[in-house]
Every structure is written in C-alpha cells, then in structure tokens.
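Trainee: I would like to learn how to read a model like this one. Could we go through it feature by feature?

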Amino acid sequence: MIPALSTFPLITGALLPLPSARSLIEGYSNGEFRPQNHITRQEVATILARAFDLTEISDEKYVDDNLIPEWSSDAIYMNKAAGIMNGDAAGTFRPAANMN
C-alpha cells in the first residue's frame, strides 16, 4: 500500500501518449471511486487499453472467458493482442484477481 502523501520519482525517457478526450480511470457505474480497494487485473487491463489507445482485439479466448465481464472484455483481449497482459500457464486470465 502506498501512503496517501507519497511522491513518485520523475520517470525520464519517452513520454506515454495519453488519451486527451477521456479519462484513464472512471470509477464505478454508481459514481463511486473506491480508492481503498485493491485494483483487479481487469481494471488494470482497462486502464492500459485506454492509456495506449489499443484497438486490436485478440480472437484467442482465455479458458475462463465466461468469468470476464462485458465491460472489461475488449480491454482484456486488446492487452492480449498487444502482448501487454497475458494469462497464466493454464490459459486463464483471472479477471477479478487483485494485482500484486
């Protein structure tokens, strides 16, 4: 857990192209943000898909595709196509698992 008043060192090098017309983190559909919650793999996939403006969607499905909610499915498979986030050795993505 990162303390609320921590600062991050400046990262030098290439700048990430950030989407200009939309936010990277939107919160929940009921308007809550919930910063105290752990971030899940599907939430990270959604943020990364927005940050890198990913568009290509992989046709190769994860074994646990039935556990992937509609709201995060495209982002998860965009990350797979881009080689950014992948599943485990068993072929599962575990969308609701917390990032470590």
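Trainee: Which residues does G87 touch, not counting residues up to four places away in sequence?

Mentor: Keep in mind that this is a predicted model. Leaving out residues up to four places away in sequence, G87 touches R41, Y62, T92 and F93. G87 itself lies in the segment after α2.

Trainee: Is G87 buried, exposed or partly exposed?

Mentor: The relative accessible area decides that: under 20% is buried, over 50% is exposed, and values in between are partly exposed. G87 has 32%, so G87 is partly exposed.

Trainee: How far is G87 from I76?

Mentor: Their C-alpha atoms are separated by 9.9 Å, and the two residues are eleven apart along the chain.

Trainee: How many helices and strands does the chain have?

Mentor: There are two helices and zero strands. Helix α1 covers residues 41-51, and helix α2 covers residues 70-82.

Trainee: How does one describe the packing of two helices?

Mentor: Two packed helices are described by the angle between their axes and by the distance between those axes. Here α1 and α2 pack at about 70 degrees, and their axes are 8 Å apart. Angles of 65 to 115 degrees count as roughly perpendicular, so α1 and α2 are roughly perpendicular to each other. The crossing of α1 past α2 is left-handed.

Trainee: Which residues make the contact between α1 and α2?

Mentor: From α1 the contact uses Q42, E43, A45, T46, L48 and A49; from α2 it uses W71, S72, A75, I76, M78 and N79.

Trainee: Let us take N79. Is N79 buried or exposed?

Mentor: N79 is found in helix α2. Its relative accessible area is 0%, so N79 is buried.

Trainee: What does the side chain of N79 reach?

Mentor: It reaches the backbone oxygen of A75, at 2.8 Å. Setting aside neighbours within four places in sequence, N79 is in contact with A45, L48, A49, L54, I84 and M85.

Trainee: What percentage of the chain's residues count as buried?

Mentor: Of its 100 residues, 28% count as buried. The accessible surface of the chain is about 7,500 Å², with 57% belonging to carbon and sulfur atoms.

Trainee: What share of the contacts between residues at least 6 apart in sequence join residues at least 24 apart?

Mentor: For this chain the share is 65%.

Technical notes
Residues are numbered from 1 along each chain as its sequence is written. This is a predicted model: local features need pLDDT of at least 70, side-chain atom pairs count only at pLDDT 80 or more; totals for chains, interfaces and linings use all residues. Side-chain values use heavy atoms; hydrogens and water are left out. Helices (H or I, at least four residues) and strands (E, at least two) are DSSP runs, numbered from the N terminus. Buried means under 20% relative accessible area, exposed over 50%, partly exposed in between (1.4 Å probe, protein chains only). Contact means heavy atoms within 4.5 Å. Accessible areas come from the Shrake-Rupley method with a 1.4 Å probe; for residues, only the protein chains shown count as cover. A polar contact is a pair of N or O atoms within 3.5 Å; within protein, one must be able to donate a hydrogen and the other to accept it, and residues adjacent in sequence count only if both atoms are side-chain atoms. Axes are lines fitted to C-alpha atoms, for helices over the stretch in contact, and angles run from 0 to 180 degrees between N-to-C directions. Angles under 35 degrees count as roughly parallel, over 145 as roughly antiparallel, 65 to 115 as roughly perpendicular and the rest as oblique. A crossing is left-handed if the near helix is turned anticlockwise from the far one by less than a right angle, and right-handed if clockwise.
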